[in-house]
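Hi everyone, thanks for making time this morning.

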Amino acid sequence: MAKPAAKKTTGKTIRVSAPKRAQAAEAAEPSAPRKLTRAQLIDELNRDLAKEYSALIQYVQHASVITGPQYDAISAELTVHSNEEHQHAIALSDQIDFLGGVPAVDVADIHISPNSKVMLEQDLEGELDAIARYRERIGQAEMLQEYGLRRALEDILIIEEEHARDLQNALDL
Ligand SMILES: [Fe+2]
Ligand SMILES: [Fe+2]
């Protein structure tokens with residue numbers, strides 16, 4: 001008979017089976033954000049900023065190029081998204097400066113396609129990535145007791161969630 005996994009609370013080692021280890025790692029992920037310094041948070045925010053710049057450019061291009069009567073409404077919406085990504089870039093840039101960092105001017109990867117549906121899928125992928133990043137960032141701001149930053153990030157997150165819903169509706173998802 002296989003030995004049951006040992007779970008010692010006083011010893012240094014806790015032995016669990018491989019699948020249980022994987023489960024434990026997964027379960028620990030959301031409730032145990034890794035410790036980070038203010039400098040590391042500034043680096044993360046600069047990566048978010050680069051993605052805001054790429055999103056605003058990507059939306060400008062997609063709004064111009066997207067074709068098809070079924071995409072008329074979303075075409076106008078993409079221009080609105082672009083302006084909102086610009087506002088996010090300004091907000092992040094200000095927050096990085098408030099934290100004592102230097103806002104970067106990098107632009108992350110931009111995704112384009114000749115296919116209108118693929119464009120919207122590219123935009124949705126970017127929004128889902130943004131939602132995941134800002135959820136993580138809000139936890140990190142909270143951890144460092146940067147409550148002004150947390151509030152600014154929450155405002156951005158609300159808009160990214162709206163963007164994702166707009167794209168999901170346009171894609172009939
Ligand atoms: Fe954004
Ligand atoms: Fe967005």
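**Helix 5 and its surroundings**

Let's start with a crossing: helix 3 passes helix 5 in a left-handed way, meaning that the near helix is turned anticlockwise from the far one by less than a right angle, with clockwise being right-handed. Helices here are DSSP runs of H or I of at least four residues, numbered from the N terminus. A word on the source: this is a predicted model, where local features need pLDDT of at least 70, side-chain atom pairs count only at pLDDT 80 or more, and totals for chains, interfaces and linings use all residues. Residues are numbered from 1 along each chain as its sequence is written, while chains are lettered from A and ligands numbered from 1 in the order in which they are written.

Now the geometry. Helix 3 (residues 72–98) and helix 5 (residues 147–170) pack at about 165°, and their axes are 11 Å apart. Those axes are lines fitted to C-alpha atoms over the stretch in contact, with angles running from 0 to 180 degrees between N-to-C directions. That angle makes the two helices roughly antiparallel, the word for anything over 145 degrees.

Who meets whom? On the helix 3 side we have Ile74, Glu77, His81, Glu84, His88, Ala91 and Gln95, and on the helix 5 side Leu149, Ala152, Ile156, Ile159, His163, Asp166 and Ala170. Contact means C-beta atoms, placed from the backbone, within 7 Å. These residues divide into seven nonpolar, four polar and three charged; Ala, Val, Leu, Ile, Met, Phe, Trp, Tyr, Cys and Pro count as nonpolar, Asp, Glu, Lys and Arg as charged, and the others, Gly among them, as polar.

The buried residues of helix 5 include Leu153, Glu160 and Leu167. Buried means 20 or more other C-beta atoms within 10 Å, exposed 12 or fewer, and partly exposed in between. The buried set packs against helix 3 and helix 4 (116–143).

Arginine 150, also in helix 5, is partly exposed because 18 other C-beta atoms lie within 10 Å. Beyond its neighbours within four places in sequence, arginine 150 touches Ile138, Ala141 and Glu142.

Finally, what is the phi of glutamine 145? Positive, about 55°, although this residue is not a glycine. Glutamine 145 sits in the loop between helix 4 and helix 5, and counts as exposed because it has 8 C-beta neighbours inside 10 Å. After helix 5 comes aspartate 172, with a positive phi near 55°.

Note on methods: Parallel < 35°, antiparallel > 145°, perpendicular 65-115°, else oblique. Contact = placed C-beta atoms within 7 Å.
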